[in-house]
Amino acid sequence: MWKNIVRNVLIALAILSGLALGFTNTDVDVDGLKFWQTSSTTSTTMPKVTTSSMTYGRFLDYLEMGWIKRVDLYDNSRNAIVEASSPELGNRPQYIRVEIPAGASQLIIKLKEYNVDFDAHATENSNFIADTIGNILVPVAFIAGLILLFQNSENLPGGMGQGPMNLGKSPARFQRRPDTGVMFNDIAGIDEAKSEFEEIVSFLKQPDKYTVVGAKIPKGILLVGPPGTGKTLLAKAIANEADVPFFNVAGSEFVEMFIGIGAARVRDLFKKASENAPCIVFIDEIDAVGRERGAGVGGGNDEREQTLNQLLTEMDGFKENKGVIVVGATNRVDILDSALLRPGRFDRQVTVNLPDRLGRAAILNVHARNKPLSEDVSLIQLANRTPGFSGADLANLLNEAAILATRYKKSLITRNEVNEAADRIIGGIAGASMEDTKNKRLIAYHEVGHAITGSVLRSHDEVEKITLTPRGSAKGLTWFTPEEDQNLLSRSELLARIITTLGGRAAEQVVFGNPEITTGASNDLQQVTNLARQMVTRFGMSNIGPIALEDENTGQVFLGGGLSKGPDFADNIADRIDNEVRKIVTYCEQKAVEIVLDNRVVIDLIVEKLMDVETIDGPEFRQLLGTYTVLPNKKVPYVSKLD
Ligand code: ADP
Ligand code: ZN
C-alpha cells in the first residue's frame, strides 16, 4: 500500500517538475495532477478550505452589500472561495464557496466596481506545491518519477486509462449495462429538455422507425445551463431508458500536459463508442476542450486546440444514424468554438434553466419520495422560499433536513427541520441567542423597522419572518419572500426596496434619537446608494430622463453623459447625477420615517414580542400588524401611485 502511494506521489511530482521545467503553463497542471489522482468523480478538483457554500445570487447580494472582501477564483473562474465580513456578519471573516454560472463574464468588472480584491489560481495549493518542488525536489522527483513511469504500470490503481502507460486511452467511465439508476421520472422541473430527450430514447430503441422515413437524429446535443440543474442526470436517464451503454467523461480529462495526448484520448473514446453503438457519450464541462481556438495564451493552448480539432474530426467522421449520440454539457456556451456548433456536430442545443416555482416543487417532490416527511411539511411553501435554487441545491436542502431530523432523533422530517435546513443554506448556521441588552433591543427595532416598511408598501415583497437569532453571524435578520421574477423591477419596486432598506435606520432614529443611531446600518446605506444611483444612471428613472449615463458593464460614466453637449457638460453631469441620487434617497428616508412614526405603537408591541420569542413568522407578523393598520393586498395587480 505504502509503496503504491509513494510511487504515485513521485510520479505526480515528476509531472509537476516537468511543469516547473517549462513544458507547459500552469493552467494544465490542475488537470495533470488530477489525472494522476483520478477518482470516480467528474468534477474538477476544488480547494477544500471551506465547507460552507452559497448560491451565486446570494453572493451577488453580499457583493452589493459590500460584504465581500476578497475573491479567489479557481477552475477558470468557475469556482470561487470568497471572504466575507461585515458588522452584520459579526466582523469575523467567513470563507464561502461559490459556483460561478455561465454568463457571469461581468463578474470581474463588478468586483472592480465594488473594489474587491481578487485573484485567479490554477488550484488552491498549486503555487505552493510548485514552489516547493521547484526549490528542493525537482531533480530527485523527476528522475525517480520517470523510472517508475516506465516500470510496470498495470499495478497502478484507477482502472481503465489511469496508468501512465495508458496516457492515450480515454479516461471515460464506461458502463456497458447502464445501471445509472436514473429514469426520466427522477427528473423534474425541466420538462422541455426532457421531452427533447424522450425522442432520442425512442430513436435508440427503434432506429428503423426513423430511418425508414429519412429522418436524421442529431449526432450531438449540447445541454446548456448552470451547474446542478440536472444535465448529467438527463444524459444518464437517456442511457438507462434506452438501455444502451453509457460513456461518461469530463472535458477537463482530455486536456493534458503533453501535446497530443488529449487528441489520442478523443480518438480512443470514439473508437470505443463506435464499437459499442448504439450508445451515449456524455462529455461534461465540454468548454474545457471546446473553448474558442486561439483565445488563450501559453503552451497548453496547442494541446487543447489539437484535442478540439480531433473532437471535430471524430464528430464529422461517424455517420448519422449509427447510434452514437454525443451529449455535451456546459454552462459557458458563450466561450465555445463556433465550429463545435455547426451542423453535423452539436447542432441541437437544449437549454436547461434554473427551475421556476412549480419546477422547484416538482423537484422537491422527487427528492421527498424516499424521505419520511411529516404532514406539516409543505413543499409548495418551500418552493416559494427558494427562488434561484438549482435542482442540486434543493436535493441538498432535503438531505440537510434529513440529517437534522436524525440529529434530533426524530422518525419523521418535520417542518421544523425543513425550515432550519433552508435557513442554513440561505443564511448560514445559527449562533447562540443574544443577551438581553440595550443592543438587542436596538437590533429588534432595526429589524422591525425593515419589516414594517416592507409590509405597508404595496410594491415590496412579503415578510417571511423576523428573527433575532444570529445566523451566519448576522445579529438579526428580516427575511422577505422573494418574487419569482427578479429580472425586471419597476420604479415603485425599486423605491419600495430603498424605503424598506432605510426602514431599519429610520426605526433606530425615531425610537432612540439621532445621537443613538448605530453603525449597524452601514450596509443598508451602501445598498440604498447603489440602487438609487443605478436608477439615475442606468434605468433612466430620474429627472435627467431616460438616458444611459454610465456603462452597464464597466460602470464608467459616459463623458457628457451620452448627451455630448460640449466639454464642460461632463463636469456638470456628475453633479446632476449626485443631485438626483440624493433626491431619491432623501425622499425614501422621509417615507421610511413617516411609516415608522405612523406605526410607532404597533412597532413597540412587536418589538416586545420579538424580544421574548426571538422569531416571528410572516403570517403572525401580518396579523399583529393588521390589527393596527390596513395592509395592502400584494397579490392584486395595481397601478402604482408612489411618487
Ligand atoms: P448538472 O450536470 O447540471 O451540473 P446534475 O445532473 O449533476 O447537474 O445534478 C446534480 C444533482 O442534483 C442530481 O444528482 C440530483 O440529485 C439533483 N438534481 C438536479 N437537477 C434535478 C432535476 N431537474 N430533477 C431532480 N433532481 C435534480
Ligand atoms: Zn438593516
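Which domains give residues to the shell around ligand 1, and where does the ligand lie as a result?

1. Bear in mind that this is a predicted model. As for the opening question, domain 2 (167–351) and domain 3 (357–426) both supply residues to the shell, so ligand 1 lies between them.

2. Who sits around the ligand? There are 16 residues around ligand 1, and those that come nearest are Ala 188, Gly 228, Lys 231, Thr 232 and His 367. Sorted by class, the shell has eight nonpolar, six polar and two charged residues.

3. Now for the backbone contacts. A polar backbone atom of Ala 188 is 2.7 Å from a nitrogen atom of ligand 1. On its own, ligand 1 has 550 Å² of accessible area, and the protein covers 80% of that. The elements giving two or more residues to the shell are α8, α12 (357–368) and α14 (391–407).

4. You'll find Thr 229 in the loop between β7 (220–224) and α8 (231–242). Its relative accessible area is 8%, so Thr 229 counts as buried, the cut-off being under 20%.

5. What does Thr 229 touch? A polar atom of its side chain lies 2.7 Å from the backbone oxygen of Pro 226. Leaving aside neighbours within four places in sequence, Thr 229 is in contact with Ile 190, Val 352, Asn 353, Leu 354 and Ser 390.

Definitions and conventions. Residues are numbered from 1 along each chain as its sequence is written. Chains are lettered from A and ligands numbered from 1 in the order in which they are written. This is a predicted model: local features need pLDDT of at least 70, side-chain atom pairs count only at pLDDT 80 or more; totals for chains, interfaces and linings use all residues. Side-chain values use heavy atoms; hydrogens and water are left out. Helices (H or I, at least four residues) and strands (E, at least two) are DSSP runs, numbered from the N terminus. Buried means under 20% relative accessible area, exposed over 50%, partly exposed in between (1.4 Å probe, protein chains only). A polar contact is a pair of N or O atoms within 3.5 Å; within protein, one must be able to donate a hydrogen and the other to accept it, and residues adjacent in sequence count only if both atoms are side-chain atoms. Contact means heavy atoms within 4.5 Å. A residue is near a molecule or strand if one of its heavy atoms lies within 4 Å of it. Accessible areas come from the Shrake-Rupley method with a 1.4 Å probe; for residues, only the protein chains shown count as cover. Ala, Val, Leu, Ile, Met, Phe, Trp, Tyr, Cys and Pro count as nonpolar, Asp, Glu, Lys and Arg as charged, and the others, Gly among them, as polar. Domain bounds come from an automatic or database domain assignment.
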